[in-house]
Amino acid sequence: MTTRLPEHPSRGVDAPMLAAQTELLLTTVSSLDVADLAQPSRCEGWTRAHVVSHLTANAAALVNVVRAAVDDVPVTMYPSDVERDAEIEREVGRTPQEHLATLRSGCEELAVQLARLGPEHTGRMVERTPGGRLVPAAAAAFLRLNEVVIHHTDLAAGHDFAAVAPEVAQLLVAHHISGLAHRAASVDLVVAVDGFDPVPVGAGGQVVGGAAGPVLGWLTRGRTDGVATLDGTPLPSLPPEG
């Protein structure tokens with residue numbers, strides 16, 4: 001009997017799953033003081049405060065996606081990439097208490113808004129920025145889960161990919177394997193997540209495997225802990241995510 005990774009990972013996210021990952025994130029953020037927030041994150045050029053500010057801004061952006069889809073409000077996910085980046089920079093200097101309060105409030109508001117999405121909104125698409133790529137409203141919860149889980153590890157504050165709940169990591173791995181196949185036709189390998197059928201990318205070839213959490217870390221951040229090739233050769237390099 002074969003066991004495949006989820007074929008439609010964005011459909012596998014429910015409110016309790018997102019809430020659980022959000023609460024883990026909030027617990028970590030609540031432990032950070034001024035000095036902690038000023039430390040570099042694993043996102044190049046960003047401190048931990050930048051990551052928290054981004055997560056707060058992303059919650060508001062996904063609220064826009066829901067409002068555009070459900071209420072026909074003429075808004076985009078972000079007004080522009082420039083404004084998104086400027087907002088993150090403006091909010092970096094918040095106190096730890098302000099960072100936690102605004103992040104928590106944004107997460108709570110997003111949860112309320114996501115609950116408004118129904119089957120009738122499945123086909124609604126929202127511009128990420130004016131004239132930019134389209135974001136499916138039905139994928140909003142999944143997009144938020146991806147942001148919360150991966151940026152939680154970017155904080156480098158005690159929560160790493162190996163600690164990601166398996167059922168969450170499996171959904172995200174399936175998504176990022178698909179993304180890898182679409183963004184780099186030159187990549188030829190096989191991703192073998194423990195307990196699941198191997199997934200060929202491109203023409204197949206070198207087998208890279210491990211538990212779902214570490215494989216997610218390799219696919220998204222190039223982390224090599226807990227990931228190895230079947231034949232013991234060095235891990236292949238992956239193209240950066242767009």
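In strand β3 (189-193), the side chains of Leu 189, Val 191 and Val 193 point one way and those of Val 190 and Ala 192 the other way, and all of these residues are buried, where buried denotes under 20% relative accessible area, exposed over 50% and partly exposed in between (1.4 Å probe, protein chains only). The model is a predicted one, in which local features need pLDDT of at least 70 and side-chain atom pairs count only at pLDDT 80 or more, whereas totals for chains, interfaces and linings use all residues. Residues are numbered from 1 along each chain as its sequence is written, and side-chain values use heavy atoms, with hydrogens and water left out. Helices (H or I, at least four residues) and strands (E, at least two) are DSSP runs, numbered from the N terminus.

Strand β3 belongs to an open sheet of four strands, ordered β4-β3-β5-β6 and with mixed pairing; two strands are taken to pair if DSSP finds at least two bridges between them.

The pairing of β3 with β4 is antiparallel and extends over three bridges, and Leu 189 has Val 201 as its bridge partner in β4. Five residues lie between the strands in the hairpin of β3 and β4, where Gly 195 takes a positive phi near 90 degrees. By contrast, β3 and β5 run parallel and are joined by five bridges; Ala 192 has Gly 209 as its bridge partner in β5, and Val 193 stands opposite Gly 210 in β5. Strand β5 (residues 206-210) is in turn joined to β6 by three bridges, the two strands running antiparallel, and Gly 209 stands opposite Ala 228 in β6.

The largest nonpolar core comprises 48 residues, of which Leu 145, Val 168, Val 173 and Val 193 touch the most other members; such a core is a set of buried Ala, Val, Leu, Ile, Met, Phe, Trp, Tyr and Cys residues joined through side-chain atoms within 4.5 Å. Two or more residues are given to this core by each of α1 (15-30), α3 (48-71), α5 (96-114), α6 (140-154), α7, β3 and α8 (212-221). Leaving aside its neighbours within four places in sequence, Leu 145 is in contact (heavy atoms within 4.5 Å) with Val 13, Met 17, Leu 18, Gln 21, Val 168 and Leu 172. A second, separate core of 17 residues includes Leu 25, Leu 26, Ile 88 and Val 148.

Leu 180, in helix α7 (residues 166-183), is buried, with a relative accessible area of 1%. Beyond its neighbours within four places in sequence, Leu 180 is in contact with Val 187, Val 201, Leu 219, Leu 238 and Pro 239. Helix α8 is mostly covered, nine of its 10 residues being buried, among them Trp 218 and Leu 219. This helix is followed by Gly 222, whose phi is positive, near 70 degrees.

Of the 27 residues that line the second largest pocket, the closest to its centre are Asp 14, Ala 15, Leu 18, Leu 114 and Ala 141, and about 680 Å³ of space lies in this pocket. Helices α1, α5 and α6 each supply at least two residues of its lining. On a 1 Å grid over the protein atoms alone, a pocket is an open set of points with protein on both sides within 12 Å along at least five of seven lines, where a 1.4 Å probe fits, and lining residues have an atom within 4 Å of a point.

Pro 119, placed in the loop between α5 and β1 (125-127), is exposed, with a relative accessible area of 71%.

Methods. Points joined across faces, edges and corners; volume = space filled by probe spheres on them.
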